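User: I am new to reading protein models and would like to understand the words used to describe them. Could you take me through the terms slowly and show where each one comes from?

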Amino acid sequence: MERRYDIDWLRVIAIGLLLIYHIAIVFQPWAMFLAFIRSENLSAELWQPMTLLNVWRIPILFYVSGMGLFFAMRKRNWLQLIGERTKRILIPFLFGMLAITPLHMFVFQKYYNMTLQYFPHMGHLWFLGNIFTYVVLLLPVFLWLQKYDNSKLKQGAQKLMAYPLTPFIINIPFIAEALVLKPAPFAMYAETWHGFYLGLLCFFFGFFFMHVGQSFWKNVLNWRWLYLGIAAILFTIRFTVFATEAPGYLMVVESNSWIFAVFGFCHKYLNKPSTLLSYLSTAAYPVYIIHMLVLYSISAFVLPFQLPVYLSFPLIIIGTFTGCYVIYEFIIRRIRILHPFFGLRWTFKQFQKRKDTPLTTKPVDQ
């Protein structure tokens with residue numbers, strides 16, 4: 001199939017924004033409630049632009065993950081798919097829960113002179129646990145869609161995509177989820193039932209939009225400015241009327257409006273190959289796994305200097321991105337035995353007996 005470079009860019013951009021979002025939490029009064037190291041110099045102004053991101057930064061990653069599964073299923077049967085997802089998602093998740101998230105909590109405990117304690121926990125890797133669960137739960141549905149590739153459901157969806165705002169139909173189950181669970185705040189996705197069901201919907205519709213095909217992408221391309229305008233209006237209402245936490249049904253529509261707009265603009269301008277994208281798309285996953293450890297370490301180094309926010313915030317950004325790059329480039333990428341634990345593609349040597357030689361090794365691409 002044709003490589004979708006815009007989807008690769010979406011993943012990279014979303015993870016980059018996630019890092020900046022997490023760094024901004026350091027400067028909020030409630031940072032320690034989320035077990036973040038907190039700066040003594042706080043900034044409410046810094047959080048204002050983050051409130052624009054918080055309704056769609058995680059949902060778009062679930063959409064993109066569903067889209068990625070669509071491409072993976074075109075090359076594998078269901079058993080191969082489960083094996084591949086186990087290696088790429090479940091193994092890094094379990095390793096991270098045992099070895100990575102406890103490390104950044106060690107940094108947190110040491111910074112606040114707490115008794116050092118080890119305990120395995122998901123931390124920010126809850127996202128991976130959700131994704132693997134969605135694969136298992138939704139695989140029968142996806143296999144059915146794949147088997148009946150020219151179903152009336154697909155044909156009907158393709159015809160409807162000729163009209164503006166057709167993708168907004170999917171807001172119905174999202175609104176139902178928000179009305180039933182009443183999440184407060186809406187952007188509390190980590191380890192909540194709201195985050196689980198919202199992610200499940202995003203993952204499913206990410207796959208379904210790829211199943212519908214080019215008609216969906218033509219819709220978001222043609223109407224990207226309309227989606228952007230709706231998102232901007234709803235954010236303005238949320239910011240000025242509701243102090244950033246609007247009723248759930250409005251948050252849902254705003255969230256998907258931002259996402260459809262981003263889909264449209266990325267499809268317009270970023271669907272082309274580049275050397276930079278090739279590198280970043282491979283690095284994004286390992287960086288996501290290690291970024292909290294790096295963020296905590298850099299924060300613990302910078303914050304004791306008591307610098308004003310306008311200096312410490314960019315310093316922590318530079319330090320976190322640089323630290324992630326150094327660890328990825330010079331450790332994770334170059335030590336092949338680490339590849340399975342950070343979601344990189346990996347190979348192993350399989351010993352086989354042959355007639356011409358008593359014992360040979362053959363690399364098997366995974």
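Analyst: What follows goes through helices, their packing and a few single residues, setting each value beside its definition. This is a predicted model, in which local features need pLDDT of at least 70 and side-chain atom pairs count only at pLDDT 80 or more, while totals for chains, interfaces and linings use all residues. Residues are numbered from 1 along each chain as its sequence is written, and side-chain values use heavy atoms, with hydrogens and water left out.

User: How do you know that the reach of helix α3 is close to the expected one?

Analyst: Helices here are DSSP runs of H or I with at least four residues, strands are runs of E with at least two, and both are numbered from the N terminus. The expected span of a helix is 1.5 Å times one less than its number of residues. Helix α3, residues 57–73, has 17 residues, and its 25 Å from first to last C-alpha is close to the expected 24 Å.

User: What makes α3 mostly covered?

Analyst: A residue is buried when its relative accessible area is under 20%, exposed when it is over 50%, and partly exposed in between, using a 1.4 Å probe and protein chains only. In α3, 15 of the 17 residues are buried, and the helix is therefore described as mostly covered. In α1, 16 of the 21 residues are buried, and α1 too is mostly covered.

User: Why are α3 and α11 called oblique to each other?

Analyst: Axes are lines fitted to C-alpha atoms, for helices over the stretch in contact, and the angle between N-to-C directions runs from 0 to 180 degrees. Angles under 35 degrees count as roughly parallel, over 145 as roughly antiparallel, 65 to 115 as roughly perpendicular, and the rest as oblique. Helix α3 packs against helix α11, residues 248–269, at about 50°, with the axes 10 Å apart, and the pair is therefore oblique.

User: Which residues of α3 and α11 meet, and of what classes are they?

Analyst: Contact means heavy atoms within 4.5 Å. Pro59, Ile60, Tyr63 and Met67 of α3 meet Ser255, Asn256, Ile259, Val262 and Phe263 of α11. These divide into seven nonpolar, two polar and no charged residues, where Ala, Val, Leu, Ile, Met, Phe, Trp, Tyr, Cys and Pro count as nonpolar, Asp, Glu, Lys and Arg as charged, and the others, Gly among them, as polar. Val262, which lies in α11, also touches Leu10 and Trp56, besides Ile60, when residues up to four places away in sequence are not counted. The C-alpha atoms of Val262 and Ile60 are separated by 9.2 Å, although the two are 202 residues apart along the chain.

User: What makes α4 roughly antiparallel to α5?

Analyst: The axes of helix α4, residues 78–111, and helix α5, residues 126–147, come within 9 Å and cross at roughly 170°. That angle is over 145 degrees, so α4 is roughly antiparallel to α5. The contact of α4 with α5 has 12 nonpolar, two polar and one charged residues.

User: Why does Tyr249 count as partly exposed?

Analyst: Tyr249 lies in helix α11, and its relative accessibility of 41% falls between the two limits, so the residue counts as partly exposed. Ala35, in the loop between α1 and α2, has 22% and is therefore partly exposed as well.
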